[in-house]
Protein chains: 2
Amino acid sequence: MKNIILPFLAVVISGCINAQQVPVDYVNPFIGTSNYGATNPGAIAPRGMASVSPFNVAGRIELNPLEKDSQWLSNPYVNENQFLTGFSHVNLSGVGCPDLGVIITMPTTGELQTDHLQYGSTYKNEVSKAGYYSANLDKYDVKAEATASTRVGVSRYSFPAGKSNVLLNLGLGLTNEQGAMVRVVSSNEIEGMRTVGSFCYNNAEAAYPVYFVAKFSKPADEFGVWKTPYKYKGEEAQWMAYNGKTRIKEGFTREVVGDSIGAYMTYNFKQPQEVEVKIGVSYVSIDNARENLEKEVGASSFEEVYAKTKEAWNKKLQVVEVEGGSKDDKTIFYTALYHTQIHPNILNDFNGEYPEVSTGKIGKTKGTRYTTFSLWDTYRNYHQLMSLLYPEEQLQMVNSMLEMYDENGWLPKWELNSTETFTMVGDPAAVVLADTYLRGLTDFDVEKAYEAMVKSALDTVNNPLRPGLKGYIDNGYLGVDSGVAGPVSTTLEYNIADYAIAQLAKSLGKEKDYNTFLDRSLSYKKLYNPKTGFLQPKYSDGKWYEPFDPLAGANFEKNVGYIEGNAWQYLFMVPHDIKGLMNIMGGAAAFENKLDKVFDGGHYDMANEPDILYPYLYNYIKGSENKTSSKVTELIKKYYKNSPDGLPGNDDTGTMSAWLVYSMMGFYPVTPSEPNYTFTKPAFEKVKINLNAKYYDNQSIILNFQPSKETIVSDQIPEFLTNDFFIDHNTFLNSKEINLITPEN
Amino acid sequence: MKNIILPFLAVVISGCINAQQVPVDYVNPFIGTSNYGATNPGAIAPRGMASVSPFNVAGRIELNPLEKDSQWLSNPYVNENQFLTGFSHVNLSGVGCPDLGVIITMPTTGELQTDHLQYGSTYKNEVSKAGYYSANLDKYDVKAEATASTRVGVSRYSFPAGKSNVLLNLGLGLTNEQGAMVRVVSSNEIEGMRTVGSFCYNNAEAAYPVYFVAKFSKPADEFGVWKTPYKYKGEEAQWMAYNGKTRIKEGFTREVVGDSIGAYMTYNFKQPQEVEVKIGVSYVSIDNARENLEKEVGASSFEEVYAKTKEAWNKKLQVVEVEGGSKDDKTIFYTALYHTQIHPNILNDFNGEYPEVSTGKIGKTKGTRYTTFSLWDTYRNYHQLMSLLYPEEQLQMVNSMLEMYDENGWLPKWELNSTETFTMVGDPAAVVLADTYLRGLTDFDVEKAYEAMVKSALDTVNNPLRPGLKGYIDNGYLGVDSGVAGPVSTTLEYNIADYAIAQLAKSLGKEKDYNTFLDRSLSYKKLYNPKTGFLQPKYSDGKWYEPFDPLAGANFEKNVGYIEGNAWQYLFMVPHDIKGLMNIMGGAAAFENKLDKVFDGGHYDMANEPDILYPYLYNYIKGSENKTSSKVTELIKKYYKNSPDGLPGNDDTGTMSAWLVYSMMGFYPVTPSEPNYTFTKPAFEKVKINLNAKYYDNQSIILNFQPSKETIVSDQIPEFLTNDFFIDHNTFLNSKEINLITPEN
């Protein structure tokens, strides 16, 4: 009878595993590591400043088809590449421009080799989990493992017997900035800094250092520093036998600076040995990097650090519990939630210090100073999700943004490590601030926030956030002759920001401002050409720009009217005035027809933000609400997968993942700065959102869905929902249970 | 009657001035700043680590015919150049290779300009004195003045009203090494480091940092850092609008590293203002540089620092007092003595710390750690002069050399800032150690010194001091097939070192060693070709190298047999066996005949060391002693002048100056490691040497000379002197008064 029992046992075991599987176990960090998702499978703690990512984008184009210097590549790791040249210790995730990807360690064996093209290796047996990564390096028979605490990357290298090396390469990096300093402090410690910056090939003047201290669990038998200088071209080159050649500075213990430098620790192992390497980082100083390392990790082992980080991840992720759905559904869901917890990330050191924006001073925070605000992306859905799931963090992010205003005189636009990268367009900070407040998270200096928003909306002189503001105010739109990139897109962004200001003004009782900004927020209509049915680029004098091609701008190509998109992808990007848009388009039928054409004509771009709200717009059309569910479900199925190419494109610091999290939970915040949601068919039978008791009275919200039904309606919630599929944020927050069932239509 | 009184008064006044002129007033640091003397007119304290030299060797070849990158140029300043690009704060004096010449400040006015080719200026009204330099910068109407304490350069810039800048350029430098770090600490402080090294285009692996802290007497109104990155050449260059362009990082307060970087302080002066800039340096750390600055200078004013340094110089120089001779005679004499007090220079910081040789550790001295040991030059006369005039310093130098042996396992050869530059040939440290001991300065660990000397004389495996040692021991000479450069020269150098070991062995009662090394010291004879009458290059198997050209090697050209010289310039370089050489040459007449030919045939090279003893060799020829005085007098007149071209060539860290000091005083130590002197006609009527009471019982030695007489003989000193014009060092030391009068011959 044993043969019968086995499958039964198997089922039981499988059941046990499932029962024991906690959210963190579903995370698959390989998702997004291909198809330009730009995530990486490295080890990181929630919102960590440090991370340890495999670095496989340098050189050997036959092994690394996505080579960092051969194109615009924004990630330290690409799943289809095969040639690994180390592990970088500060990394960005899901961004569209190269930066960071530096402080690269590499375990090797045999004679010291400092050229990454020589010492790099293929690898196998990759494992990636939340807070953990490992691979076996073919060339050296070395197993490399990585974990991380918030500010410390921890690696464990398992070496065979013989001569082994740990390289710390400060020349190599994803960033296009150059320049580093390194000093071997002792046979088990190295300190230094690496210059990073010019994110998106912008604002190179602001390039800045990241500092580090590396501690090794075993003192090296030999150590040193290498430097490859630039080749000297003068008359004197004839006497320089060493011209341009790599120098090995054995036993050197003072500072070495240069563009192509590194340090090494060499061991002569009689038997196989493990070496743990702990690297603390800081954007303030080497001393702070050392303190981060000591206070956060100290003498803890690799296993201890990993256990703590894994637990931190689980705590983060269990804020949402799901039932039903496949394992892949849960995997893409929790991985998406994981991807929302990488950026914005912590900038301040253990002691609270961080570099201020613009002032050159070192600030000190009592809470958390966040950085990496890709606000053009994140204002659309990300911060709304944070307000709901992680209100404490969202408030800290708002406070960080207000600190930046204090320091810089301006709110952030695309802030990275206290530099303003000035990438993308619009004035998204205003939207985030208003949205947070209006969702009930009011514990910040709203008057200051309002002042900052208004400044950027009104100051027409040297305004870094809203170029071309005067023309916008005068004409209601930015002309193609305004000198501002993507004038249609930028006009829409300014409209959305103005709407947010209006909403906050209303809430603060500033009636006059409310009217002014509400009025301003609708000026997009001036760009609507009834002849074509598009929002089109126009000259300041009112003439349409000719020739108009609604396809111009697809696939991120540069064009006259739009930023990273075309007329189709921007036509419906008026989330604050969908009904107004519907009117000027001639009513719901025309609106629906055009919207259908976006999808049917292949104009929909899931890979970028302007049109990510589109599938939810069907909920505005009485009788066509079912299209929202079917479109959303279809898009998820097409673009989100449990595989490296499982993101539609750049994750955009979690925005694409936030879209998935919302969509799989069954609701979405269509209008930024308007606290409500619309519904779609969830991916699970049951979704339980555990609310933060410090901020919300309601302990949890449960969304139930009967998978046999097609579309959605609520019971036990106010009646209007059954009318138009929208629910007010507060109503939602205070609902104990929401049952999504087939509507009567 | 007033008309008659005036000239009388004039005479009296002139007399008064002369009477008040102290040694320091005679120093003219412009001497040696042309004709490749390689000195500089910068401000420096005796044996200072820091100095402030005008820097006029960069760019604009039409104004700077001796441009640093257009040739092998070893000095930060050349008198005939006209385009000044700042003031360098660590400098070498009188060396033959480029290094240091970094940490360059420059006062400018108007808009910030960071390219030295743009901001450089011509200048006028140069003044240079011991411890002081000033010039007026034409372009800016700025007066720049400089003084220095041991480890701190102090500048005073007198600006007109308006916008003024002080630049601190860390890209520019005389050294061929690159790489610097800079950080603006506050509006009146900058710190950083600059890489230097690869002296003589050698040992680039050992390139090392010099650290600095700069303090400004007035806080700047604006400050910042600039960086010019290398031009990026990859695919991505198309997106880098900033590619290769200089970046101005306004208000930036964190570390910036790079090859071409600098910092600036900008002032907006309503009226003319002075800014004092104090720059402390260190070879250990920024902290030490700061401490050097604080403890050595602190709040002292420019005037106070200068007064102290001037007094220090005077104390140094008044060790010799002279009477008679012209003002130019006194000027070239005291300037030469001044030039002997620049190198070896102090390496240790105020707190005693210094970088050790090879170990990578920071050492701590209780006395003084000296550096810049150009021993191939200085073993010949320099250290003998130091033993006589500055015995305490000479002993400290010996101790520094022994510390290097402790650290490195080897004595120094050409040590610079705790790196062994491995330039030149031979084993000169042994000679210096033996000579010092044998001159009665025995207060050092002579057994260790002896051990170190013998190690280098016997160890045939990986011996960095004596390459080719095995062949030398086996054959008595280095063959042209030994792979060792200048095998004739190097054989002679090893002979001289072996002789020194023999002399010390004898003194220490090591009779066997004495015999061995004495025997070895005479092996040069194997290179004497009686057919040509020269010391010639030879193969290891005993065959002469053909063709032999006694002129090959003149003017520093590369050749098979000799280092920086030819057969004429090395033939008599056996100072320890002049009588033996005389014998193999066939006696005194043949010797004299050949020696005459050196001078008469134009083969004598006053610009380099191998033949600097030649004029004194006539004292070995009975009846021709007068030729020594006439040759020496003639050479002084020809090569030593009170003008920028007043040195015969490289000062060789004071060796050429030591030759002049001795020669003008009337005696010379022909044989290194043999404590005696021979005499020549002094340049003064009276020379008084004030001996250091801590080391010598005799308070002073007076040499009197009657200028009407032609050559020399002594009375009141032992009888042998009248026989062969030589005097034992101890006899000399204990003489109260030596009268040099016409000999009876």
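In chain B, strand E34 (residues 737-740) runs parallel to E31(B), and four bridges join the two. At one of these positions, Phe705(B) faces Leu740(B) of E34(B). This is a predicted model.

E31(B) has another partner. Strand E30 (residues 686-690) of chain B pairs with E31(B) in the antiparallel sense, over five bridges. Here Val687(B) has Leu703(B) as its bridge partner.

| Partner of E31(B) | Residues | Sense | Bridges |
|---|---|---|---|
| E30(B) | 686-690 | antiparallel | five bridges |
| E34(B) | 737-740 | parallel | four bridges |

How many of the six residues of strand E31 are buried? Six of the six are, so the strand (residues 700-705) is largely enclosed by the rest of the structure. Both of its faces are covered. Ser700(B), Ile702(B) and Asn704(B) lie buried on one side. Ile701(B), Leu703(B) and Phe705(B) lie buried on the other.

Now the interface. Chain B places 48 residues in contact with 48 residues of chain A. Together the two chains bury about 3,900 Å², with 52% of it on carbon and sulfur atoms. Tyr201(B), Trp239(B) and Arg254(B) supply 17% of the area chain B buries against chain A, more than any other three residues.

Polar links also cross between the chains. The rule finds 24 residue pairs in polar contact. The side of chain B that touches chain A holds 23 nonpolar, 12 polar and 13 charged residues. The salt bridge count is two. Glu177(A) and Arg247(B) form a salt bridge through their side chains, at 2.5 Å from N to O. Strands E10 (180-186), E11 (189-196), E12 (208-216) and E14 (247-250) of chain B each supply at least two residues to that side.

How values were computed: Residues numbered from 1 in each chain as written. Chains lettered and ligands numbered in written order. Predicted model: local features only at pLDDT ≥ 70, side-chain atom pairs only at ≥ 80, totals over all residues. Heavy atoms only, no water. Contact = heavy atoms within 4.5 Å. Buried area = accessible area lost by both parts, 1.4 Å probe. Salt bridge = Lys/Arg side-chain N within 4 Å of Asp/Glu carboxyl O. Polar contact = N/O pair within 3.5 Å; in protein donor to acceptor, adjacent residues only side chain to side chain. Nonpolar A, V, L, I, M, F, W, Y, C, P; charged D, E, K, R; others polar. Buried < 20%, exposed > 50% of the residue type's maximum accessible area, 1.4 Å probe, protein only. Pairing = 2+ DSSP bridges.
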